[in-house]
Amino acid sequence: MSENTQSSNDEFTQTVAASLFESIFNATQDGILVIDRESRSIAQFNQRFLELFQLPAHYPRKGSDVELLTLMSEQLREPADFLALAEQLYFQSEQVSEDCLYFKDGRVYKNYSEPLKLGTS
């Protein structure tokens with residue numbers, strides 16, 4: 001197999017994997033938010049996340065998490081608790097968190113957080 005053929009196969013495999021990921025990421029009924037813990041910036045979120053938190057569809061896909069977490073917390077009955085948990089998750093890199101988010105308007109969502117682990121089995 002030539003180097004060009006191998007490169008084309010690798011690119012095709014990466015394209016298929018990215019397409020599969022995108023399909024699953026956006027098909028779930030769960031709202032998903034991924035934050036880069038090191039830079040404390042938005043890595044990615046799905047459309048369902050925007051819907052659940054009633055955020056505008058054009059919300060920036062990249063940038064600092066500060067504004068986003070503030071917008072989220074302002075909708076909650078206990079915003080300080082939410083922000084404190086977010087802060088705690090940054091500093092305890094292996095922590096998994098399960099709780100409920102109680103919104104001022106009566107909505108209640110189950111919240112599950114866990115660290116993203118790249119390249120581990």
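**Core, sheet and rings: reading the terms**

Modeller: Phe-49 is in contact (heavy atoms within 4.5 Å) with Gly-31, Ile-32, Leu-33, Leu-55, Leu-68 and Met-72, once residues up to four places away in sequence are set aside. The model is predicted, so local features need pLDDT of at least 70 and side-chain atom pairs pLDDT 80 or more, while totals for chains, interfaces and linings use all residues. Residues are numbered from 1 along each chain as its sequence is written, and side-chain values use heavy atoms, with hydrogens and water left out.

Biologist: What makes the pair of Phe-45 and Phe-49 tilted?

Modeller: In general, a pair of aromatic rings is described by the distance of the centres and the angle of the planes. Rings of Phe, Tyr and Trp (its six-membered ring) pair if their centres lie within 6.5 Å; planes under 30 degrees apart are stacked, over 60 edge-to-face, and the rest tilted. Phe-45 and Phe-49 lie 5.7 Å apart, centre to centre, with 45° between the planes, and therefore form a tilted pair. The whole structure has 6 aromatic pairs, and ring pairs link Phe-45, Phe-49, Phe-53, Tyr-59, Phe-103 and Tyr-109 into a cluster.

Biologist: What makes the charge of Arg-40 one that sits over the ring of Tyr-90?

Modeller: The term requires NZ of Lys or CZ of Arg within 6 Å of the ring centre and within 35 degrees of the ring normal. The charged end of Arg-40 is 3.9 Å from the centre of the Tyr-90 ring. Likewise, the charged end of Arg-107 sits over the ring of Phe-103, at 4.0 Å from its centre.

Biologist: Why is Ser-41 called buried?

Modeller: Buried means under 20% relative accessible area, exposed over 50%, and partly exposed in between (1.4 Å probe, protein chains only). Ser-41 has 18% relative accessibility and therefore counts as buried. Leu-76, in the loop between helix 3 and helix 4, counts as buried at 2%. Leu-76 and Tyr-102 are 26 residues apart in sequence, yet 5.7 Å apart in space, C-alpha to C-alpha.

Biologist: How do you know that strand 2 and strand 3 are paired?

Modeller: Strands (E, at least two residues) and helices (H or I, at least four) are DSSP runs, numbered from the N terminus. Two strands pair if DSSP finds at least two bridges between them. Strand 2 and strand 3 (residues 63-64) are joined by 2 bridges and run antiparallel; Ser-41 has Ser-64 as its bridge partner in strand 3. Strand 1 (residues 33-36) pairs with strand 2 (residues 41-45) over 4 bridges, also antiparallel.

Biologist: Why are strand 1 and strand 3 said to stand at the edges?

Modeller: The open sheet of 3 strands has the order 1-2-3. Strand 1 and strand 3 each have a single partner strand, so one side of each lacks a neighbour in the sheet.

Biologist: Which residues have the most contacts inside the largest nonpolar core?

Modeller: A nonpolar core is a set of buried Ala, Val, Leu, Ile, Met, Phe, Trp, Tyr and Cys residues joined through side-chain atoms within 4.5 Å. The largest has 17 residues, and Phe-49, Phe-53, Leu-68 and Met-72 have the most contacts inside it. Strand 2, helix 2 (47-52), helix 3 (65-73) and helix 4 (79-91) each supply at least two residues of this core.
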